[in-house]
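Visitor: Could you walk me through this model, one feature at a time? I would like to know how to read each feature before I look at the case here.

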Amino acid sequence: MAQQHEIAVEIANVPILLRTPNAGFRDRLASHYAGFLGDASNSKIEFDVDIISVPDEISRENPDSEDDVQVSVKNGEWCFRRNDFVAQWDPRVRRGRVRQPDNSYSMDAVLRIVHTLILARQGGFLLHAASGIRNGRAFVFSGVSGAGKTTISHLAPPDVCLLTDEISYIRRDGEGYVACGTPFSGELERPGANCAAPINSLFLLAKGTENRIDPLPSPEALRRLLRNVLFFAKDAELVDNVFRSAWDFVQRVPVQQLTFVPDARVWSMIE
Amino acid sequence: MSEKYIARSSAIAARMLGGEMMVMSSVDSTFFTLNEVATAIWQAADGRTPLSEIVTRKVCSEFEVDLEVAQHDAEKFVDELSRHGILLVSDHPFEPPALP
């Protein structure tokens, strides 16, 4: 049997062990997830990762596959696929297998899916959002591509600990919610800090000609929040869990619209 | 015209928030916000009560709407939600779910 090389990627205190016969791939993952490496012996979720030379192998097996991620469950085992990877994961035995090319981009997608499934059961979700910690409290800035996530991250003053410029990890904690850092980066191409803090506010971003914060009624906040939640599975129970979490979130955390001019003055309103 | 019976799908998530009923389909993740009248129809969609009776009892009497207008609007609402699998529609009453 070929020698195996292991690495544990730990996001929000959830270590996921990745095992591969390819030492070079393991080293590339170690570099990509630097700052988010955990203790392999503590991992309760494991994936064997097979490197395939060309994604065409997957395309041939699944000719209908498009760029979109497909996530399904059958007899308790999850299957995720995109045109560049295919993965199976059985949460009952906490093990899975991934077949993907030799890049961290595909692994990012697999890890995001696994975390959405874990979070759905824990009262949380992944959100298309930048987030950062200031004065011990987390501020989350959500919006679709082009709304200003990278811009607001780039403008953050030095006292802000940036958790991510792209995908925020949000989890219920006591009577509120915490935001955790993630290695999933956007245009900033810089992983977030591996730390967490209670969420002070969620801002829905809009670029404008002045800096202003406007409150949002809860139904509008929920509508707009759900547009930016990452969720792939069509499983009714999990969809209900995510919907319930978002519904609970908007009642516990202030959700406001932040309209901003793209310069550093916007951060004077955020503290 | 034959009678219609409507029932809420089990493949949805729904919650009241700020006086509005928010409904999401787990099939295609479409999201609906129901106004007061639509919420009244939604809540009465037990699969056993004819739609015409729901309109008469829950819409016309509580919202002072003309019967013809209310019935037309209710049909449109039911058609739209049924297209997304959020409401189930039949010309017969739905069977009650079997007890475990």
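Visitor: Which residues does A:Val140 touch, leaving out those up to four places away in sequence?

Guide: Two residues are in contact if their C-beta atoms, placed from the backbone, lie within 7 Å. By that test, A:Val140 touches A:Leu127, A:Ala129, A:Ser131, A:Ser168, A:Ala179, A:Ile199, A:Leu202 and A:Phe203, not counting residues up to four places away in sequence. A word on the source: this is a predicted model, where local features need pLDDT of at least 70 and side-chain atom pairs count only at pLDDT 80 or more, while totals for chains, interfaces and linings use all residues. Residues are numbered from 1 along each chain as its sequence is written, with chains lettered from A and ligands numbered from 1 in the order in which they are written.

Visitor: How many residues of strand 9 of chain A are buried?

Guide: Strands (E, at least two residues) and helices (H or I, at least four) are DSSP runs numbered from the N terminus. A residue is buried if 20 or more other C-beta atoms, placed from the backbone, lie within 10 Å of its own, exposed if 12 or fewer, and partly exposed in between. Five of the six residues of strand 9 (137–142) of chain A are buried, leaving this strand mostly covered.

Visitor: Which strands are joined to strand 9 of chain A, and do they run parallel or antiparallel?

Guide: Strands pair if DSSP finds at least two bridges between them. Strand 8 (124–134) of chain A is joined to strand 9 of chain A by six bridges and runs antiparallel to it; A:Ile133 stands opposite A:Ala138 of strand 9 of chain A. Two residues lie between the strands of this hairpin, where A:Asn135 takes a positive phi near 50°.

Visitor: Which residues have the most contacts inside the largest nonpolar core?

Guide: A nonpolar core is a set of buried Ala, Val, Leu, Ile, Met, Phe, Trp, Tyr and Cys residues joined through C-beta atoms within 7 Å. The largest one has 107 residues, and A:Val110, A:Val140 and A:Ala246 have the most contacts inside it. Helix 3 of chain A gives the largest share of this core, nine residues. At least three residues come from each of domain 1 and domain 2 of chain A.

Visitor: Where do the domains of chain A lie, and how many residues of each are in the contact?

Guide: Domain bounds come from an automatic or database domain assignment; for chain A it gives domain 1 (5–122) and domain 2 (124–269). Their centres, taken over C-alpha atoms, are 25 Å apart. The contact takes 18 residues from domain 1 of chain A and 22 residues from domain 2 of chain A. On the domain 1 side, strand 4 (70–74) and helix 3 (104–122) of chain A each give two or more residues, and helix 3 of chain A gives the largest share, ten residues.

Visitor: And how many residues of chain B are in contact with chain A?

Guide: 13 residues of chain B are in contact with 13 residues of chain A. Strand 2 (12–17), strand 3 (20–25) and strand 4 (31–34) of chain B each give two or more residues to the chain B side.

Visitor: What pattern does chain B follow along the sequence?

Guide: Chain B follows the pattern β-β-β-β-α-β-α-α-β, with three helices and six strands.
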